[in-house]
Amino acid sequence: MQRLANKRILLGVTGGVAAYKSAELIRRLRDQNVDVRVVMTKGSQQFITPLTLQALSGNPVSIDLLDPAAEAAMGHIELARWADLVLVAPATANFMARLAHGHAEDLLTTLCLATDAPICLAPAMNQAMWRDASTQANRDVLVKKGVKMFGPGSGSQACGDIGPGRMLEVDELVELSSAMFESQLLTGKRVMITAGPTREALDPVRYISNHSSGKMGYALAEAASEAGASVTLISGPVHLQPPERVDRVSVNSAREMHDAVHENIQDCDVFIACAAVADYRPMDVSEHKIKKDTTLDHDELHLILVRNPDIVASVAALQSKPFVVGFAAETQDVLSYAAEKLERKRLDMIVANNVSLDGIGFNSDENAVTVLATNLEETLDQTSKPALARKLIELVVGQMGLRTSE
Ligand code: C5P
């Protein structure tokens with residue numbers, strides 16, 4: 001269940017009696033630290049008010065597709081991108097029909113078309129409506145398109161009938177949503193990830209470092225763990241909590257990171273170098289704080305820097321090497337620099353991003369990258385770092401399959 005922590009769930013509420021359960025569903029999701037945003041259809045507001053769902057989710061509720069104020073706050077495409085999972089609970093027969101046929105006449109159906117996130121429906125309707133051939137045909141179309149059906153359950157219904165069509169209980173919906181974030185892609189595999197910046201000491205109080213927040217590396221550690229791997233995260237100094245079940249080793253300098261990597265690299269299947277390692281360190285670390293030179297003719301302080309070990313290249317050079325993934329954070333000629341690094345460092349894959357663009361890369365919550373490997377060039381559009389991390393892990397698994405079958 002911890003897998004739900006910090007996930008972004010877009011909860012669609014459509015017009016059925018079971019909409020009263022959506023309030024409880026939001027509470028249970030919030031208990032799991034899920035960031036919930038609610039989208040209501042017109043019909044659902046006959047059953048429960050937007051104000052209630054806004055208060056419980058802690059976020060404004062979105063209703064209209066053509067509402068300029070709402071679009072200015074978080075437009076429909078932005079919402080579609082924001083979501084890690086779209087859960088429609090309750091999902092009426094009418095909503096299923098509209099979704100099955102690709103309608104986009106309101107906000108919720110439009111979001112479902114625009115999102116890359118998995119879509120899950122919790123159908124809720126009268127048993128005869130559920131059994132009806134049209135509903136069953138719509139269900140089949142949706143399942144074929146990859147939409148997941150949570151239920152429906154069976155039992156007594158608000159109308160007095162007994163049979164299939166009841167919305168699943170809230171606890172079951174939370175459980176099933178959590179399971180959506182699990183995959184078996186890396187079960188039994190060991191993954192090591194470096195993350196964050198390094199600090200290269202000048203003296204006891206000063207250091208050279210960079211703006212890396214560690215968010216991408218930590219998201220990768222979480223995604224690898226969700227995919228079933230046992231994960232070691234070698235982390236530079238960052239302000240992030242390690243994901244659950246991830247073994248974190250904290251280091252400061254590039255040399256400490258290098259040593260921690262090589263102490264733990266045995267039997268690793270995958271090594272992902274996401275850290276922004278300082279290429280150079282001061283040659284001498286002063287034992288005491290370096291003092292200002294107050295003589296008039298000495299305005300300059302000269303530092304001599306020496307090269308740090310290239311950690312990812314040293315792992316790629318190991319005799320029995322894991323599948324090695326590097327990152328190339330560049331501000332120009334991103335792809336050609338990345339391709340050159342892939343070859344020179346003898347990597348199996350490289351993830352290239354342009355850190356000069358606003359809103360992505362260093363210190364941001366989102367990223368957009370191009371992944372290069374032998375016979376692979378795939379661009380992953382801008383999205384949250386956790387969502388991107390899951391896609392990267394899938395690509396790594398795909399390429400590893402290729403490598404072992406060669
Ligand atoms: O050469 P450059 O620093 O651009 O390469 C970036 C890639 O190499 C990243 O994957 C980074 O984690 C890794 N790297 C490393 N050790 C270094 C420098 C970079 O592992 N000393």
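Author: A pocket is an open set of points on a 1 Å grid over the protein atoms alone, where a 1.4 Å probe fits and protein lies on both sides within 12 Å along at least five of seven lines; its lining residues have an atom within 4 Å of a point. The model is predicted, so local features need pLDDT of at least 70 and side-chain atom pairs pLDDT 80 or more, while totals for chains, interfaces and linings use all residues. Residues are numbered from 1 along each chain as its sequence is written, and side-chain values use heavy atoms, without hydrogens and water.

Reader: Which pocket is the space taken by the ligand?

Author: A molecule sits in a pocket if more than half of its atoms lie within 2 Å of the grid points. For the ligand of this model, the space taken is the largest pocket.

Reader: Which residues of the lining lie nearest the centre of the largest pocket?

Author: The lining of the largest pocket comprises 38 residues. Those nearest the centre are A275, A276, V277, D279 and F327.

Reader: Which element gives the largest share of the lining of the largest pocket?

Author: Helices (H or I, at least four residues) and strands (E, at least two) are DSSP runs numbered from the N terminus. Two or more lining residues come from each of α10 (215-226), α12, β16, α13 (334-344) and β17 (349-354). The largest share is 4 residues, and these belong to β16.

Reader: Which elements give two or more residues to the shell around the ligand?

Author: The shell (heavy atoms within 4 Å) includes A273, P309, D310, G326, K341 and K345. I311, V312 and F327 also surround the ligand. The elements that contribute two or more shell residues are α12 (311-316) and β16 (323-330).

Reader: Where is P152 found?

Author: The peptide bond between G151 and P152 is cis, with omega about 10°. Another cis bond runs from A89 to P90, with omega near 0°, and P90 belongs to strand β3 (residues 85-91). P152, however, is found in the loop between β5 (148-149) and β6 (153-156).

Reader: What is the value of phi for R346?

Author: R346 is in the loop between α13 and β17. It is a residue other than glycine, yet its phi is positive, near 55°.
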